[in-house]
Every structure is written in C-alpha cells, then in structure tokens.
Amino acid sequence: MDKLAFLQDWFQRVWIDGDLDAIGEFFTPNSQAAGVMQGLDLRPEDFEELIPALMRMMSSPTVTILRHLETEDWLWALLVVHAKTADTLAPIEFTAQVAMRFDDGRIAEAFNHFDLLSFFEQLGVLPPEAMALFLSGESLT
C-alpha cells in the first residue's frame, strides 16, 4: 500500500473536493483522530462537521507534503496548507503534522497537529503575533 498516495487522496477528495461521503473509505470503523482540538478525539463521522466548518473560512486550499516517513503500519507527514481567506481572498499558509497507523489499508488511529493559532491569526480573528503577545503575558480579555 502506498501510504503517501493514500494521504494525498484523503486531502484531495475529502478536504479539497469536499466529498464527505468518501470519509468512511479512509478510516476503519472504530478509528479515532486525536490532536485536532485538545481533549477531543474525532471519529470518522465527526469530520463531516469539522471539514465544512473550516472550509467556510477558507477557499482554494492546496496541501503540499514537505516530508514524510513510513514504517510497516505508520505514516508521518509534515505538510503545508496554502489557501485564501473566504471573505477577502487574502493568502494564508499554515503547517501541520500527521501521524497515522494503518490497519487493512485504512486509518486506524491518527495523531494530528495543525497550526491553528497561525490559521486564526491570518483569518483576522486573533491579533497578529498572538503567540508573542501571549508569551509576554497579554490576554484577549
């Protein structure tokens, strides 16, 4: 099985093309994905709500895999997402890492990290340089 092609197909079909009906083709029935939001493991059906919510905020996404490493059961990938904000069409860019364990040709578990702080900064819902502000003790309240 070509795990890298599988991951590229996941992003293209489900995230970019919006084929939410294809989600079940990529996951085992009891799979879970951790790391998208702290303390919340996502089941395959949860992506049917998450993806449209994120896609309402951006348009024209592309996903480029910068590095990847495969083992017998696992795929790790570092990627960058380029898109445009949905309202102003300003360019946005953020990185992500995914680690996936495969079982019978589908994702059995996944651990994800998306730079959502940068994503929300670029959307304008967080102030620019929010991380630097937070590190200096500032808050949003």
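**Exercise 1. Is S118 buried or exposed, judging by its relative accessible area?**

Solution. The model is a predicted one.
Step 1: locate the residue. S118 sits in helix α4, which spans residues 116-123.
Step 2: take its relative accessible area, which is 17%.
Step 3: apply the cut-off. Buried means under 20% relative accessible area, so S118 counts as buried at 17%.
Step 4: list its contacts. Leaving out residues up to four places away in sequence, S118 touches E93 and F94.

**Exercise 2. Describe the surroundings of N112.**

Solution. 
Step 1: N112 belongs to strand β6, residues 106-114.
Step 2: its relative accessibility is 12%, so N112 is buried.
Step 3: apart from residues up to four places away in sequence, N112 touches A33, A34, G35, V36, Q97 and V98.
Step 4: N112 and M100 are twelve residues apart along the chain, and 8.5 Å separates their C-alpha atoms.

**Exercise 3. Which residues of the largest nonpolar core touch the most other members?**

Solution. 
Step 1: the core has 36 residues.
Step 2: those touching the most other members are L7, W10, V14, W15, F47 and I51.
Step 3: helix α1, residues 3-16, supplies the largest share of this core, with seven residues.
Step 4: take F47 as an example. With residues up to four places away in sequence not counted, F47 touches W10, W15, L20, I23, F27, A33, L42 and P52.

**Exercise 4. Find the salt bridge between K3 and E70 and state which parts of the chain it ties together.**

Solution. 
Step 1: the side chains of K3 and E70 meet in a salt bridge, with 4.0 Å from N to O.
Step 2: K3 is in helix α1 and E70 is in strand β3 (residues 58-70), so the pair ties together parts 67 residues apart in sequence.
Step 3: check the accessibility of each partner. K3 is buried at 7% relative accessibility, whereas E70 is partly exposed at 33%.

**Exercise 5. How many salt bridges are there, and which residues are linked in a network of them?**

Solution. 
Step 1: the count is six salt bridges.
Step 2: D9, R13, D19 and E25 are linked in a network.
Step 3: another salt bridge joins the side chains of E45 and R43, at 3.7 Å from N to O. E45 has a relative accessible area of 43% and is partly exposed; R43 is partly exposed too, at 25%.

**Exercise 6. Which residues make the nonpolar surface patch of about 250 Å²?**

Solution. 
Step 1: the patch is made by L133, F134 and L140.
Step 2: L140 lies in the segment after α5, the helix of residues 130-135.
Step 3: exposed means over 50% relative accessible area, so L140, at 55%, is exposed.

Conventions:
Residues numbered from 1 in each chain as written. Predicted model: local features only at pLDDT ≥ 70, side-chain atom pairs only at ≥ 80, totals over all residues. Heavy atoms only, no water. Patch = residues over 30% accessible without salt bridge, like charges linked within 9 Å, V, L, I, M, F, W, Y side chains within 5 Å. Areas by Shrake-Rupley, 256 points an atom, 1.4 Å probe, with all protein chains shown as cover. Helix = DSSP H or I, 4+ residues; strand = E, 2+ residues; numbered from the N terminus. Buried < 20%, exposed > 50% of the residue type's maximum accessible area, 1.4 Å probe, protein only. Core = buried A, V, L, I, M, F, W, Y, C linked by side-chain atoms within 4.5 Å. Contact = heavy atoms within 4.5 Å.
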